Amino acid sequence: MKMALMAFDEGTGLQPHWALGNTIVTALEGSAVIGYEGVDYGISEGESFRFEKMACTASQQKVF
């Protein structure tokens, strides 16, 4: 098991990439848009999102 903590300023994020393993993302504060297999999903403080292994993912910090 690996754990990573990432923080993004508004308007920044990760470029599309393939998830190397099953991943759970939890928004600790603020909100973001998560791209998953070509569809954008909003996530806000306290919410989580799960990625399947080898799925195409991206994220961008946004204010709703």
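User: What is the accessible surface of the protein, and what share belongs to carbon and sulfur atoms?

Analyst: Accessible areas follow the Shrake-Rupley method with a 1.4 Å probe, and for residues only the protein chains shown count as cover. Here the accessible surface comes to about 5,000 Å², with 56% belonging to carbon and sulfur atoms. The model is predicted: local features need pLDDT of at least 70, side-chain atom pairs count only at pLDDT 80 or more, and totals for chains, interfaces and linings use all residues. Residues are numbered from 1 along each chain as its sequence is written, and side-chain values use heavy atoms, with hydrogens and water left out.

User: How many helices and strands does the protein have?

Analyst: Both are DSSP runs numbered from the N terminus: helices are H or I with at least four residues, strands are E with at least two. This protein has 0 helices and 6 strands. Its radius of gyration, taken over C-alpha atoms, is 11 Å, close to the 11 Å of the globule rule (2.2 Å times the number of residues to the power 0.38) for 64 residues, so the protein is as compact as a globular protein of that length.

User: Is Thr57 buried or exposed?

Analyst: Buried means under 20% relative accessible area, exposed over 50%, and partly exposed in between (1.4 Å probe, protein chains only). Thr57, in strand 6 (residues 56-61), is buried at 5%. Of the 64 residues, 25% count as buried.

User: Which residues does Thr57 touch, beyond those up to four places away in sequence?

Analyst: A contact requires heavy atoms within 4.5 Å. On that criterion Thr57 touches Gln15, Pro16, His17, Ala19, Gly35, Tyr36 and Phe51.

User: How many aromatic pairs does a search of the whole structure find?

Analyst: Rings of Phe, Tyr and Trp (its six-membered ring) pair if their centres lie within 6.5 Å; planes under 30 degrees apart count as stacked, over 60 as edge-to-face and the rest as tilted. The search finds 4 pairs. In one of them, Tyr36 and Phe49 have ring centres 5.5 Å apart and planes at 70°, so the pair is edge-to-face. Tyr36 belongs to strand 3 (residues 31-36) and Phe49 to strand 5 (residues 48-51), so the pair ties together parts that are 13 residues apart in sequence. Tyr36 is buried, with a relative accessible area of 17%, and Phe49 also counts as buried at 17%.

User: Which residues form one aromatic cluster?

Analyst: The cluster is formed by Tyr36, Tyr41, Phe49 and Phe51.
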